[in-house]
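Look at the chain below and follow it helix by helix.

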Amino acid sequence: MKYALFDAGGLPLAFYAPEISGSKLIDGKPNPRIPADAVEISDSQWREFIENTGTRRWDGKAVQVYEPPAPEPRVPETISDRQFAQALALAGTITEAEALAWAARGELPQAMEDALDHIPDTDNQRFGARMMLAAATTYERHLPLTEQLGALLTNPATGKPYDAAALDALWTRAAAL
């Protein structure tokens, strides 16, 4: 016999063995080494948890097989200029011909030029953005300019600007190209 502590989803948080922690009650009083909400489990149930770490959970009475959800894909920090142009073309934001000209020669697509027209021309912000777009070999997801341009470009899938989730999806798709 052992004791186990489970989270709200039934996944084990800790195990307590009497040979290490003592029994749950000592002289009729709760053992401070074992949490009051720890549940008694059999040695075979304990072994089931130990031998199948992360794939078993407690349903309140018995051990159940548990299929953990697939991890969320990690959004890459950077993508190449080719990946960025290709992903925008595949999304329909720019044409394939524009993507090729941008990746090969730094010629900005019309959608980018239109977006740049909305960036303030103070302190050379527009010029700096144009230089970065035309000459960068990598694009960083978390640059302020990325969010700014996303808000100025139309996402053909939604007809709305690229929000943070759409930019994450674009970066993830681009990284796979």
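Helices α7 and α8 are roughly perpendicular to each other, because their axes meet at an angle of about 110°. The term covers angles of 65 to 115 degrees; under 35 counts as roughly parallel, over 145 as roughly antiparallel, and the rest as oblique. The two axes lie 10 Å apart. Helix α7 spans residues 144-152, and α8 spans 164-175. Axes here are lines fitted to C-alpha atoms, for helices over the stretch in contact, and angles run from 0 to 180 degrees between N-to-C directions. Helices are DSSP runs of H or I with at least four residues, strands are runs of E with at least two, and both are numbered from the N terminus.

Which residues of α7 and α8 meet? From α7 come Thr146, Glu147 and Gly150. From α8 come Ala164, Leu167 and Trp171. Contact means heavy atoms within 4.5 Å. By class, this contact has three nonpolar, two polar and one charged residues. Ala, Val, Leu, Ile, Met, Phe, Trp, Tyr, Cys and Pro count as nonpolar; Asp, Glu, Lys and Arg count as charged; the others, Gly among them, count as polar.

A word on the source. This is a predicted model, in which local features need pLDDT of at least 70 and side-chain atom pairs count only at pLDDT 80 or more, while totals for chains, interfaces and linings use all residues. Residues are numbered from 1 along each chain as its sequence is written, and side-chain values use heavy atoms, with hydrogens and water left out.

Now take the pair α3 and α4. Helix α3 holds residues 81-91, and helix α4 holds residues 96-105. Their axes come within 8 Å and cross at roughly 170°. These two helices are therefore roughly antiparallel to each other. On the α3 side, the residues that meet α4 are Asp81, Arg82, Phe84, Ala85, Gln86, Leu88 and Ala89. On the α4 side they are Glu96, Ala99, Trp102 and Ala103. Sorted by class, this contact has seven nonpolar, one polar and three charged residues.

Stay with α3. Its buried residues are Gln83, Phe84, Ala85, Ala87, Leu88 and Ala89. Buried means under 20% relative accessible area, exposed means over 50%, and partly exposed lies in between, with a 1.4 Å probe and protein chains only. What covers these α3 residues? The cover includes β8 (78-80), α4, α5 (110-116), α6 (125-135), β9 (138-140) and α8. Just after α3, Gly92 takes a positive phi of about 90°.

Two residues in the loop between α5 and α6 come next. Asp121 lies in that loop, and at 52% relative accessibility Asp121 counts as exposed. Asn124 counts as exposed at 55%. Its phi is near 60°, a positive value in a residue other than glycine.

Asp27 also has a positive phi, about 55°, although it is not a glycine. Asp27 sits in the loop between β3 (25-26) and β4 (29-30). Is Asp27 buried or exposed? Asp27 is exposed, with a relative accessible area of 76%.

Ser21 belongs to helix α1, residues 18-21. Ser21 is buried, at 11% relative accessible area. Leaving aside neighbours within four places in sequence, Ser21 is in contact with Tyr16, Asn31, Arg33 and Ile34.

Trp58 is in strand β6, residues 56-58. Trp58 is buried, with a relative accessible area of 11%. Not counting residues up to four places away in sequence, Trp58 touches Phe6, Gly10, Val39, Ile41, Gln45, Phe49 and Val63. Trp58 and Glu96 are 38 residues apart in sequence, and their C-alpha atoms are 53 Å apart in space.

Finally, step back to the whole. The protein chain has eight helices and 11 strands. Its C-alpha atoms fill a box of roughly 80 × 35 × 30 Å, taken along the principal axes. Buried residues make up 31% of the 177 residues.
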